[in-house]
Amino acid sequence: MKGLLSYSGVTTKIRAMEGRFFTDKEFEEIVQLPDVPAVAEYLKKNPGYANALSEIPDNMLHRGMIERYMENSLFRDYEKIYRFAKEDQQIFLRRYARRYEVRLLKQILSAIMQGEHVSEDVLIFRNFFDNYTDLSMQPLYEARTVEDFIKALAKTPYYDTVKGVYNRPEPTLFKYETALDLYHFSTIWHDKDEIGGDKGSAAILTKFYGTKFDMLNLWYIHRAKAYFHMSGVDVYALTIPALYKLKKSDIRALVEAENRETYAKALRATWYGKVYPDLNLDNLQYMYTKICKHVIAREAEKQPYSIATLYYYLYWKEHELYRLTTALECVRYGLKPEESLRYVTRR
C-alpha cells in the first residue's frame, strides 16, 4: 500500500510515456528508409522525439546533430519524471543522473586532451545539467585546458577524483576516464541503501547495480587481459569494488587466468556462468546487455509501484537510443535491412 501511495502518480506518468517506445516492427521500417533525413522525418512522427527533433535547423540535419537531439529527448523525459516524483524519488533520480554527468565529463575531457574544443551543440543540454545535476555547463564548455577543466569542477563531487589523476605521473585520458567511472560506481554502490528511501528500494537497487557491476567486471577483466595485455596489478585496479553474485575468489581466478581456456573455465565457475550456460568469452558484451535488461524488466513487472519503474524507464529509453543510433548508422552506410536488423537487435 505504501508503494502504491508513493508511486501512483509517477508510475501513471511513466506508463503513458512507455507507450511511445518504438516497436520491433517500427525498427524494421526504420532500417529500410533510404537516407538519414528520411529517418529524421520518421522519428519526428513519434511523440517521444517530435519536439526535440523539430528544433534542428534544416541546414544541420545530419547524423551527429540528430543523435544530439535524440539524446536531449532523454533529458526531457527525465525532467518530466522528476516533476512527478516525490522527494525521495528525486534523490534517486539525481544520483542516477551521475551516469550522464560522467559521460559528459569524459566527452569534454577527450576533446581537450586531443587539442580540440568540444562541439557547441552540447549546449542544448544546458538546462538539464544546470538544473538537475551537480555540473555547471558553461564553465565546462569554455574549458580549453585540463587545468581549466579541473577548475570548472571545483565545487562538484568530481574535483578530488580528477585532481588526483592530474597530480599522478602520466595522467592519460584512459586514467581520467577509469577514475571517473570507478568513482561513480563506488559511490552509487555505497549509497544504494539510502537513496531509495526504504528497504524495498535498497533491495531493488542492490539487484540492479549488483548485476550491472558484476557483468561489467567480467567484461572489463576479459577485455583488459585479451586485448590490452595488462598486468594483473593493472587489471585489479580496473575492477569495480562492488560484488553481488561474484566472489573475491572469482575475481582472483579471472584476473590470474593464464590463458583463454583458463579464463573460460573460471567464467563457467561463476554464478553467472552456471545460471546462464550460453555466457562465453565471445558474447560478454551482448550478455551484459541481455542479462541486465532481463533483471530490470522482470523486477519492474513484479513491483510496478516502486523505484524499479523509474530505473526501468530511464534504462529502456537509453537502450532505445542505442538502437536508434545503430539503425541511423546502418542507414547512413547503406547496409541491407536484414543486416542492419542483426546489429539493431543485439543492442
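**Exercise 1. State where Ser 110 is found and whether Ser 110 is buried or exposed.**

Ser 110 is found in helix α7, residues 98–113. Helices here are DSSP runs of H or I with at least four residues, strands are runs of E with at least two, and both are numbered from the N terminus. The next step is accessibility: buried means under 20% relative accessible area, exposed over 50%, and partly exposed in between, with a 1.4 Å probe and protein chains only. Ser 110 has 17% relative accessibility, so Ser 110 counts as buried. Ser 110 and Tyr 276 lie 166 residues apart in sequence and 36 Å apart in space, C-alpha to C-alpha.

The model is predicted: local features need pLDDT of at least 70, side-chain atom pairs count only at pLDDT 80 or more, and totals for chains, interfaces and linings use all residues. Residues are numbered from 1 along each chain as its sequence is written, and side-chain values use heavy atoms, with hydrogens and water left out.

**Exercise 2. Find where the confidence of the chain is lowest and where it is highest.**

Confidence is given as pLDDT, the predictor's value for each residue from 0 to 100. The chain has a mean pLDDT of 93, and 97% of its residues reach 70 or more. The lowest confidence is in helix α1 (residues 2–18), with a mean of 85. The highest is in helix α11 (residues 159–166), at 98.

**Exercise 3. Describe the chain as a whole: its secondary structure and its radius of gyration.**

The secondary structure comes to 20 helices and 0 strands. For the radius of gyration, taken over C-alpha atoms, the globule rule is 2.2 Å times the number of residues to the power 0.38. With 347 residues, a compact globule would come near 20 Å; the chain has 21 Å, which agrees. Of the 347 residues, 50% count as buried.

**Exercise 4. Name the residues with the most contacts inside the largest nonpolar core.**

A nonpolar core is a set of buried Ala, Val, Leu, Ile, Met, Phe, Trp, Tyr and Cys residues joined through side-chain atoms within 4.5 Å. The largest one has 118 residues, and those with the most contacts inside it are Phe 92, Tyr 100 and Phe 149. Helix α19 (residues 307–332) gives the largest share of this core, 13 residues. Contact means heavy atoms within 4.5 Å. Not counting residues up to four places away in sequence, the residues that Tyr 100 touches include Leu 74, Phe 128 and Leu 314.

**Exercise 5. Work out on which side of α15 its buried residues lie.**

Helix α15 covers residues 248–255, and its buried residues are Asp 250, Ile 251, Leu 254 and Val 255. They span an arc of only 125° around the axis, so they are on the same side of α15. The arc is that of the directions from the helix axis to the C-beta atoms. What covers these buried residues includes α13 (199–226), α14 (232–238) and α16 (260–269).

**Exercise 6. Say where Glu 170 and His 229 lie, and whether they are buried or exposed.**

Glu 170 lies in the loop between α11 and α12 (173–195). Its relative accessible area is 62%, so Glu 170 is exposed. Phi of Glu 170 is near 50°, a positive value in a residue other than glycine. His 229 is found in the loop between α13 and α14. At a relative accessible area of 64%, His 229 is exposed, and its phi is near 50°. Most residues other than glycine have a negative phi.
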